Amino acid sequence: MTLHIRRIDHARDFVTLEPIWSRLADDTGQSSPFRSYDWFWCCWHGIVPQRRPEILVVEDGDTPVALL
C-alpha cells in the first residue's frame, strides 16, 4: 500500500471529485446528506472568497480511498 495525499483547492478540481465522492459514499454506506458531494459543493461556494476551502484526497496508488 502506497498512500499519498492530493490537495484540492480550486472549484474546477472539486467538480472532478463528484464520481469519486459518490463511489466512496456508496462503498462506505454514508447516506447522510451532510456528507454528500452536493452539500460540500454548496458549502464551498458559501465561504469563498472570505476563506480558502480545500479537500484532501487520500489515494492508494491511483485509487482514491478517502476524502477529508
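How many nonpolar, polar and charged residues does the lining of the largest pocket have, by class? It has nine nonpolar, two polar and one charged, where Ala, Val, Leu, Ile, Met, Phe, Trp, Tyr, Cys and Pro count as nonpolar, Asp, Glu, Lys and Arg as charged, and the others, Gly among them, as polar. This is a predicted model, so local features need pLDDT of at least 70 and side-chain atom pairs count only at pLDDT 80 or more, while totals for chains, interfaces and linings use all residues. Residues are numbered from 1 along each chain as its sequence is written, and side-chain values use heavy atoms, with hydrogens and water left out.

**Strands**

- Helices (H or I, at least four residues) and strands (E, at least two) are DSSP runs, numbered from the N terminus, and two strands pair if DSSP finds at least two bridges between them.
- E1 and E2 run antiparallel, with six bridges joining them; isoleucine 8 has isoleucine 55 in E2 as its bridge partner.
- E2 (residues 55-60) also runs antiparallel to E3 (residues 63-67), this time with four bridges.
- Across that pairing, valine 57 stands opposite leucine 67, and valine 58 has alanine 66 as its bridge partner.
- Two residues sit between E2 and E3 in their hairpin, and glycine 61 in the turn has a positive phi of about 70°.

**Core**

- A nonpolar core is a set of buried Ala, Val, Leu, Ile, Met, Phe, Trp, Tyr and Cys residues joined through side-chain atoms within 4.5 Å; buried means under 20% relative accessible area, exposed over 50%, partly exposed in between (1.4 Å probe, protein chains only).
- The largest such core has eight residues: Ile8, Phe14, Leu17, Trp21, Tyr37, Trp44, Ile55 and Val57.
- Helix H3 (37-47) and E2 each supply at least two residues of this core.
- Leaving aside residues up to four places away in sequence, tryptophan 21 touches Phe14, Arg35, Ser36, Tyr37, Phe40, Ile55 and Leu67 (contact means heavy atoms within 4.5 Å).

**Pocket**

- Back to the largest pocket: its lining includes Trp21, Arg35, Phe40, Ile55 and Leu67.
- H2 (18-28) and E3 each supply at least two lining residues, and H2 gives the most, with four.
- A pocket here is an open set of points on a 1 Å grid over the protein atoms alone, where a 1.4 Å probe fits, with protein on both sides within 12 Å along at least five of seven lines; lining residues have an atom within 4 Å of a point.

**Chain start**

- Methionine 1 lies in the segment before strand E1 (3-8) and is exposed, with a relative accessible area of 82%.
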